[in-house]
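Please examine the sequence and the structure shown here before reading the report.

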Amino acid sequence: MHALTLPEAHHYDEMLLASGGIRPHYRDFAHWLHSQSPQTLARKRAEADLMFHRVGITFAVYGDDSGAERLIPFDSVPRIIPASDWRTLEAGMRQRVTALNAFLHDIYHEQHIVKAGIIPAEQVFSNSQYQPAMQGLDLPHRIYAHITGVDVIRHNDGNFYVLEDNLRVPSGVSYMLENRKMMMRLFPELFASHAVAPVQHYPTLLLNTLRHASLAENPTVVVLTPGHHNSAYFEHAFLAQQMGVELVEGQDLFVKHNRVYMRTTAGHKQVDVIYRRIDDAFLDPLAFRADSMLGVPGLLSVYRSGGVILANAIGTGVADDKSIYPYVPDMIRFYLSEEPLLQNVPTWMCRRPAELDHVLNNLAELVVKEVHGAGGYGMLIGPAASNAEIEDFRQRILADPSNYIAQPTLCLSSCPTFVEAGIAPRHIDLRPFVLSGREISMVAGGLTRVALKEGSLVVNSSQGGGTKDTWILED
Amino acid sequence: MMLSRTASQLYWMSRYMERAENLARLLDVTHSLSLLPQSRGGADIAAALATTGALDACRARHPQLAAADVLHFMTFDAANPASIISCLKYARENAHAVRGKITGEMWENINASWLEARQMAAEGRPLAGFFDWVKERSHLFRGTTYGTIQRNDAFSFIRLGTFLERADNTARLIDVKSHLVGHELDDSAADFYLWGALLRSLGAFEAYHELYRDSLSARRVAELLILRPDVPRSLRACVDEIAELLPRIQGDTGHRAKRLAATLHAELCYDQIDSILAGGLHAYLAQFLSQIHALGAEVHGAYLEAA
């Protein structure tokens with residue numbers, strides 16, 4: 001276990017050096033920014049708000065049928081990443097996703113990694129995301145996670161760390177695309193003066209990836225959505241439209257003669273690849289949750305006999321679980337015989353007695369998470385917690401140590417951002433999207449999320465987070 | 001080719017918008033008639049409700065059938081699924097589900113209608129202005145649709161919804177007037193107001209005078225609203241559109257729907273008003289409504305459900 005080097009007091013800013021100077025890849029932008037009047041910039045921001053409203057880049061709030069829709073705030077200062085940094089990130093993500101797919105194939109087949117003693121059997125097989133139905137099932141090209149969102153942060157040592165892998169139904173890519181379109185409309189001159197890598201071909205890459213996932217000659221691809229009440233519905237509709245494929249709900253599909261069909265105005269049409277944006281548990285009421293109205297009865301049986309491809313595969317959640325995350329570097333070594341190019345955030349597993357001691361002795365400095373928790377539930381943020389909260393959490397950890405992991409409190413890098421009173425640093429993360437098809441492909445970019453509250457490290461859109469355009473500068 | 005569910009949502013989006021407009025037309029005219037001295041007030045309005053199938057529900061809520069209660073029930077009462085505000089809500093819900101298949105301008109228009117209607121309901125806006133507003137919003141929606149959407153199957157299903165709904169509504173409206181008169185045919189002075197009101201509610205008052213240049217007669221009103229192809233809310237005009245739309249939909253399905261539409265179309269083209277009246281206006285309209293409902297069911301079975 002290596003420790004993070006934490007420079008005191010200062011966090012890493014993507015644009016500014018500690019000395020106050022400008023990092024080289026931001027110099028042209030800073031120069032341009034300096035030449036703009038505050039009125040012009042304010043007008044451009046108002047224009048962006050209006051356009052996002054009109055396009056309907058909105059974020060449906062659960063349970064709100066008032067007809068009003070909230071907007072995810074868009075910040076018009078781009079997050080710029082130099083080509084050299086991107087090369088590191090890209091190679092690291094490529095390696096990581098290759099290893100994760102190898103891991104998924106392995107645990108649903110021979111389980112070499114368990115037999116080799118690298119990952120304890122109970123960590124895999126008693127994981128709620130492990131799907132026995134996938135055992136022994138051969139998938140074309142052995143691809144499980146066709147689409148992966150890798151959450152990366154830059155710590156104050158200047159290095160990138162992977163915070164988590166999203167192998168189930170990662171979302172956010174529509175914002176990456178719409179943010180770029182918006183920036184090009186608002187500030188075309190910036191794109192003339194910066195060599196920004198394009199991202200707009202993502203839907204083409206995605207469609208190629210999905211088509212490649214099937215062995216059929218000319219496969220029919222659809223996007224499966226839970227429906228317009230889902231918070232990511234806009235993205236589902238957007239991607240279907242951009243790829244030129246149908247956006248279907250469970251009720252549009254049915255199973256007959258061991259194939260999946262959709263109901264159309266011209267009759268029944270066979271479906272070969274389902275880019276599903278609903279969770280495993282809701283896919284097939286006959287196999288999983290019987291009360292699910294979102295899925296397709298009999299889908300699993302067709303899937304198991306190879307009659308249809310699901311992207312991502314069923315059961316990928318076992319590889320992005322917090323209890324498996326600490327083993328990803330070992331997976332890379334085991335399957336690829338390589339050293340990891342991207343680092344994990346150091347993680348202490350409370351199930352190991354020595355690490356449990358360390359965690360219990362340092363609760364006030366650490367972030368402690370439940371291994372299956374998500375969305376900030378069941379979590380202790382040591383530096384922000386009261387003594388009573390820490391003591392309470394100590395008892396919970398002691399009662400069930402293997403349910404917890406702990407990590408140092410990370411300092412996400414910051415990026416200048418428009419705020420009420422001008423421009424100020426706000427913390428950001430990055431989610432690039434990795435596609436696994438004939439080969440691993442990705443567009444140079446990703447979704448940068450920004451915590452708009454001063455000092456906040458929470459970038460989630462449900463908690464006041466916004467987004468930025470992400471520029472990978474070409475050499 | 002499009003998803004059956006999508007086609008269904010497009011179809012119902014425009015049906016509900018058209019239904020809201022027709023309700024506004026019906027209630028507007030009925031409301032003005034109820035102010036005439038010989039009117040029975042709420043009872044007359046309630047008789048109009050019989051056409052919408054909402055009379056029993058209304059009587060359950062408002063046993064007295066007071067004019068103001070009945071009108072509120074049919075306009076701003078969100079608990080009544082047959083009220084104008086409910087129709088606007090369902091139109092908007094269907095549009096929301098197919099946002100990717102309609103133009104941004106169509107969506108903005110239908111969404112704004114719903115938001116504004118809710119506001120008006122909350123404020124208790126005077127009804128005459130509200131009816132005009134509903135008609136305007138419906139015109140705007142139809143115009144936006146016509147002016148912005150691609151001419152594909154989506155357009156066909158939207159138009160199909162409009163004209164099936166309109167054919168149904170016009171037939172019911174003519175039928176209720178024949179009931180109100182109490183006997184099938186009469187050109188008496190009292191009935192002058194009723195036939196005039198019917199023409200006004202269908203926007204055909206000017207057309208009548210231009211085409212016939214004569215005083216109102218039940219026979220001519222019936223001919224105009226049933227058989228004239230050049231009056232846009234007549235049964236013939238609606239069925240003309242339907243018979244043209246159905247064969248345009250891509251694919252090999254819907255044979256029975258197409259045949260039924262063609263039969264209905266041929267009847268309206270070659271029927272004559274005297275033979276219709278000889279058999280009884282009410283009987284004719286009841287027969288027409290059952291054919292339109294059968295056609296709606298065939299459209300559902302072939303395209304919108306495709307079970």
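## Contact between chains A and B

The model is a predicted one. In this model, 19 residues of chain A are in contact with 21 residues of chain B. On the side of chain B that touches chain A, the elements giving two or more residues are helix H1 (4–33), helix H5 (84–97) and helix H6 (104–123) of chain B. The most is given by H6(B), with 4 residues.

## Packing of H6(B) and H7(B)

Two packed helices are described by the angle between their axes and by the distance between the axes. For H6(B) and helix H7 (residues 127–148) of chain B, the axes come within 9 Å and cross at roughly 170°. An angle over 145 degrees counts as roughly antiparallel, and H6(B) and H7(B) are therefore roughly antiparallel to each other.

On the H6(B) side, the contact is made by B:Glu105, B:Met106, B:Asn109, B:Ile110, B:Ser113 and B:Met120. On the H7(B) side, the contributing residues are B:Phe130, B:Arg137, B:Leu140, B:Phe141, B:Thr144, B:Thr145 and B:Thr148. Sorted by class, the contact of H6(B) with H7(B) has 6 nonpolar, 5 polar and 2 charged residues.

## A cis peptide bond in chain A

Most residues other than glycine have a negative phi, and most peptide bonds are trans. In chain A, a cis peptide bond joins A:Ala311 and A:Asn312, with omega at about -5°. A:Asn312 is placed in the loop between strand E12 (309–311) and helix H11 (328–336) of chain A.

## Positive phi in chain A

A:Gln111 is not a glycine, yet its phi is positive, at about 60°. This residue lies in the loop between helix H3 (83–107) and helix H4 (112–115) of chain A. Is A:Gln111 buried, partly exposed or exposed? A residue is buried if 20 or more other C-beta atoms lie within 10 Å of its own, and exposed if 12 or fewer do. A:Gln111 has 15 C-beta neighbours inside 10 Å and therefore counts as partly exposed.

A:His141 also has a positive phi of about 60° although it is not a glycine. The location of A:His141 is the loop between helix H5 (121–125) and strand E4 (147–154) of chain A. Because A:His141 has 14 C-beta neighbours inside 10 Å, it counts as partly exposed.

How values were computed:
Residues numbered from 1 in each chain as written. Chains lettered and ligands numbered in written order. Predicted model: local features only at pLDDT ≥ 70, side-chain atom pairs only at ≥ 80, totals over all residues. Contact = placed C-beta atoms within 7 Å. Axes fitted to C-alpha atoms, helices over the stretch in contact; angles between N-to-C directions. Parallel < 35°, antiparallel > 145°, perpendicular 65-115°, else oblique. Nonpolar A, V, L, I, M, F, W, Y, C, P; charged D, E, K, R; others polar.
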